[in-house]
Amino acid sequence: FPSASQTEFDFVRRLIEEDRIPDSVTIQVLTQCRDALIDRTFEAIEGAPHSIVHFYNSTSPLQRRVVFHAGREGIKAIAVDAARRVKAAAAARVAQDIRFEYSPESFTSTELDFSVEISRAVMDVFGASADAPLILNLPATVEVSTPNIYADQIESFIRQLPDRDAAIVSIHPHNDRGCGVAAAELALQAGADRVEGTLFGNGERTGNVDVVTLALNMMTQGVDPELDFRDLPALVRRVEHANRLPINPRHPYAGELVC
């Protein structure tokens with residue numbers, strides 16, 4: 001989130017300027033749908049060979065009323081205007097491979113038809129197609145229901161979305177109710193294409209979905225997550241060193257009392 005603080009901006013710049021990003025890696029940056037923050041985000045990724053610009057605005061009835069004092073059309077205008085600004089900024093950087101991602105933040109608390117409507121409007125700005133799909137990220141920003149309800153929402157969204165092939169449906173489960181992994185597993189079965197998560201669940205508040213547990217759960221069911229966890233103890237040591245947060249000794253697969 002390079003527009004959120006100088007520390008994060010400098011971190012992204014160091015990755016780029018010191019050539020620390022492997023060729024096979026695409027960095028992803030996050031920004032709210034605000035002009036100054038979008039501009040700052042593009043400053044941060046200047047020169048990055050491959051990047052994803054992920055922009056978002058909140059869409060739930062509560063936040064529309066309390067935060068934005070706007071109706072559906074006003075909220076949709078925020079997303080569309082931001083999409084146009086992101087598209088123009090990327091077009092000015094022809095030497096860089098920049099992809100786009102949009103989130104209707106608070107998806108799980110937003111009316112499903114409005115989530116589809118605002119996502120479709122953003123897709124139209126980019127001319128999304130099967131050859132150039134837009135990543136549509138559907139977050140459980142706050143985990144407000146059981147995993148099966150989240151999966152139902154994902155499935156219904158996919159069924160109602162025109163031009164399904166023009167979107168990569170991404171999920172972003174939080175772990176407020178302790179169900180992040182289960183929500184991700186069910187959402188994938190419901191048709192999602194992509195998962196955003198964190199190593200050992202180190203994310204906001206109670207954390208984001210733990211991609212280690214999720215991936216190894218998939219492996220036990222015969223689905224190859226294409227992630228290399230052959231030396232899990234070494235990964236634990238590296239993450240603990242970097243984050244200064246210990247992995248619980250009973251953490252699935254990775255805890256010292258488990259592995």
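Two residues are in contact here when they have heavy atoms within 4.5 Å, and helices (H or I, at least four residues) and strands (E, at least two) are DSSP runs numbered from the N terminus. The model is predicted, so local features need pLDDT of at least 70 and side-chain atom pairs count only at pLDDT 80 or more, while totals for chains, interfaces and linings use all residues. Residues are numbered from 1 along each chain as its sequence is written, and side-chain values use heavy atoms, with hydrogens and water left out.

**Exercise 1.** Describe how helix H4 packs with helix H5.

*Step 1.* Residues of H4, including Ile75, Ala79 and Val86, meet residues of H5, among them Phe114, Ile118 and Val125. The residues of this contact divide into 11 nonpolar, no polar and seven charged, where Ala, Val, Leu, Ile, Met, Phe, Trp, Tyr, Cys and Pro count as nonpolar, Asp, Glu, Lys and Arg as charged, and the others, Gly among them, as polar.

*Step 2.* H4 (residues 72–91) and H5 (residues 112–126) pack at an angle of about 25°, and their axes lie 9 Å apart; axes are lines fitted to C-alpha atoms, for helices over the stretch in contact, and angles run from 0 to 180 degrees between N-to-C directions.

*Step 3.* H4 and H5 are therefore roughly parallel to each other, a term that covers angles under 35 degrees.

Notes. Angles under 35 degrees count as roughly parallel, over 145 as roughly antiparallel, 65 to 115 as roughly perpendicular and the rest as oblique.
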